[in-house]
Amino acid sequence: MHLVITVAGLPALERELGARFATLLRLTFYDLAENAVVGGLYSKGTPVDTGFARASWWLGVNQPGDPVQPAQPPVGSRHVKWLPSLDPLQLAAVRAGDILYLSTNCAYIRPLEYGHSAQAPQGMLRLAVAAAQQMADENARTLRARRA
């Protein structure tokens with residue numbers, strides 16, 4: 001008697017699972033970034049006065065990346081409206097195993113995170129990170145339902 005086990009289907013399964021995991025990673029990271037930066041179900045987002053702090057966030061894939069603006073607004077820029085800097089298209093290239101970074105170099109982000117602004121007295125990033133597993137679970141359920 002012989003037992004023959006073939007593994008011919010495993011590379012295809014590995015590719016499919018990798019692609020599914022990458023999709024889950026992208027969706028969950030996007031949700032986390034959205035909650036921390038602009039607000040969502042779990043966080044009010046980065047408080048906005050001029051928009052400088054909100055625009056200071058950036059995404060890095062497999063490395064932290066580089067700041068998109070100075071750490072502090074230039075003198076005299078009080079009425080400048082800063083534009084968001086996160087590019088959701090960067091997430092399109094994310095693969096299973098990639099490490100994603102959400103970074104900011106805003107000099108006053110720590111006081112904002114710890115309640116300096118009445119707009120987000122409980123912070124923003126900590127709330128989003130605390131809900132990350134819940135976001136991942138919901139995204140996994142949604143992806144599973146799409147396959148059914």
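Start with the salt bridges: the structure holds four of them, a salt bridge being a side-chain nitrogen of Lys or Arg within 4 Å of a carboxyl oxygen of Asp or Glu. Keep in mind that this is a predicted model, where local features need pLDDT of at least 70, side-chain atom pairs count only at pLDDT 80 or more, and totals for chains, interfaces and linings use all residues. Residues are numbered from 1 along each chain as its sequence is written, and side-chain values use heavy atoms, with hydrogens and water left out.

**Stop 1: Glu16, Arg20 and Arg147**

Select these three together and you have a network of salt bridges. Arg20 pairs with Glu16 at 2.5 Å, N to O. Both sit in helix 1, four residues apart, so about one helical turn separates them. (Helices are DSSP runs of H or I with at least four residues, strands are E runs of at least two, and both are numbered from the N terminus.)

Now bring in Arg147, whose side chain meets Glu16 at 3.2 Å, N to O. Arg147 belongs to helix 5 and Glu16 to helix 1, so this pair ties together parts that are 131 residues apart in sequence. Arg147 is exposed at 55% relative accessibility, while Arg20 is partly exposed at 35% and so is Glu16 at 32%. For these labels, buried means under 20% relative accessible area, exposed over 50%, and partly exposed in between (1.4 Å probe, protein chains only).

**Stop 2: Glu113 and Arg126**

Next, pick Glu113, which bridges to Arg126 with the closest N and O atoms 2.8 Å apart. Helix 3 holds Glu113 and helix 4 (residues 125-130) holds Arg126, so the pair links parts 13 residues apart in sequence. Buried or exposed, which is Glu113? It's buried, at 7% relative accessibility, whereas Arg126 is partly exposed at 38%.

**Stop 3: the nonpolar core**

The largest nonpolar core has 21 residues, and Phe29, Leu32 and Leu102 are among those with the most contacts inside it. Such a core is a set of buried Ala, Val, Leu, Ile, Met, Phe, Trp, Tyr and Cys residues joined through side-chain atoms within 4.5 Å. Helix 1 gives the most to this core, with five residues.

Click on Leu102: beyond four places in sequence, its contacts (heavy atoms within 4.5 Å) include Phe29, Trp57 and Leu125. Then try Ile109 in helix 3, buried at 16%. Among its contacts beyond four places in sequence are Thr46 and Met124. Ile109 and Thr46 are 63 residues apart in sequence, but 8.6 Å apart C-alpha to C-alpha.
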